[in-house]
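Please give me a short briefing on this structure.

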Amino acid sequence: MERSSQKFIITKEMEWEKLGGGVSRKFLGYDNQIMMVQVSFEKGALGAPHQHFHTQATYCVSGKFEFEIDGVKQIVEAGDGVYIQPNLWHSAVCLEEGMLIDTFSPVREDFLSGGAVSYFGDKD
């Protein structure tokens with residue numbers, strides 16, 4: 001079944017979807033093949049270790065994050081990018097309040113289903 005978002009996504013007209021643990025998101029566009037998501041993190045917010053079959057590319061818009069991918073840690077700041085191959089364990093800790101743009105292929109059906117995201121939770 002073919003499905004897609006609107007052609008133009010005006011973020012100032014959208015509400016943030018609160019995921020818990022200081023993390024919120026807005027969908028920036030998707031179809032069956034790709035999805036782009038704006039994700040806002042408060043300082044200390046955690047994307048707990050998880051894996052998925054999707055390819056992920058992330059752009060750091062602002063802030064500072066410590067990513068861990070397949071056991072390798074790296075600090076990422078505004079202007080940096082992250083590439084995560086399918087099925088690799090990865091996580092992120094927000095060191096300074098910031099924003100990421102996550103892109104997934106194929107679309108994250110689990111995001112669209114409206115269910116809770118298991119790897120975001122209460123901050124310490």
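## Cysteines

The sulfur of C60 lies 8.5 Å from the closest cysteine sulfur, the one in C94, which is too far for a bond. The structure accordingly holds 0 disulfides, a disulfide being a pair of cysteine sulfur atoms within 2.5 Å. This is a predicted model: local features need pLDDT of at least 70, side-chain atom pairs count only at pLDDT 80 or more, and totals for chains, interfaces and linings use all residues. Residues are numbered from 1 along each chain as its sequence is written, and side-chain values use heavy atoms, with hydrogens and water left out.

- A disulfide is a covalent bond between the sulfur atoms of two cysteines.
- C60 is buried, at 1% relative accessibility.
- C94 is buried too, at 2%.
- Buried means under 20% relative accessible area, exposed means over 50%, and partly exposed is in between (1.4 Å probe, protein chains only).

- Helices (H or I, at least four residues) and strands (E, at least two) are DSSP runs, numbered from the N terminus.
- Two strands pair if DSSP finds at least two bridges between them.
- β1 and β2 run antiparallel and are joined by 3 bridges.
- In that pairing, E17 has R25 of β2 as its bridge partner.
- The hairpin of β1 and β2 has 2 residues between the strands, and G21 takes a positive phi near 65° there.
- Strand β2 covers residues 23–30 and is mostly covered, with 7 of its 8 residues buried.
- β2 also pairs with strand β3 (residues 35–41), in the antiparallel sense, over 7 bridges.
- S24 has S40 in β3 as its bridge partner.
- The hairpin from β2 to β3 runs through 4 residues.

- Strand β5 (residues 55–69) pairs with strand β6 (residues 72–77) over 6 bridges, in the antiparallel sense.
- E66 has I75 in β6 as its bridge partner.
- β5 and β6 form a hairpin with 2 residues between them.
- In that turn, D70 has a positive phi of about 50°.
- β5 is also joined to β7 by 4 bridges, and these two strands run antiparallel.
- Q56 stands opposite I84 in β7.
- Strand β7 (residues 81–84) has two faces: V82 and I84 are on the covered one, G81 and Y83 on the uncovered one.

## Salt bridges

- Side chains of opposite charge can pair when their charged atoms come close.
- A salt bridge is a side-chain nitrogen of Lys or Arg within 4 Å of a carboxyl oxygen of Asp or Glu.
- The count by this rule comes to 4 salt bridges.
- One of them joins R3 and E109, with the closest N and O atoms 2.6 Å apart.
- R3 lies in the segment before β1 (17–20) and E109 in helix α1 (residues 109–112), so this pair ties together parts that are 106 residues apart in sequence.
- R3 is partly exposed, with a relative accessible area of 23%.
- E109 is partly exposed as well, at 43% relative accessibility.
- Another salt bridge joins R25 and E17, with the closest N and O atoms 2.9 Å apart.
- R25 is buried at 2% relative accessible area, whereas E17 is partly exposed at 30%.
- R108 and D110 also meet through their side chains in a salt bridge, at 2.6 Å from N to O.
- R108 is buried at 2% relative accessibility, whereas D110 is partly exposed at 39%.

## The largest pocket

- Rolling a probe the size of a water molecule over the atoms shows where empty space is left.
- On a 1 Å grid over the protein atoms alone, a pocket is an open set of points where a 1.4 Å probe fits, with protein on both sides within 12 Å along at least five of seven lines.
- The largest pocket holds about 150 Å³ of space.
- A volume is the space filled by probe spheres set on the grid points, which are joined across faces, edges and corners.
- Lining residues have an atom within 4 Å of a point.
- The lining consists of S5, Q6, F8, I9, I10, E13, M14, F27, G29 and Y30.
- These residues divide into 6 nonpolar, 3 polar and 1 charged.
- Ala, Val, Leu, Ile, Met, Phe, Trp, Tyr, Cys and Pro count as nonpolar, Asp, Glu, Lys and Arg as charged, and the others, Gly among them, as polar.
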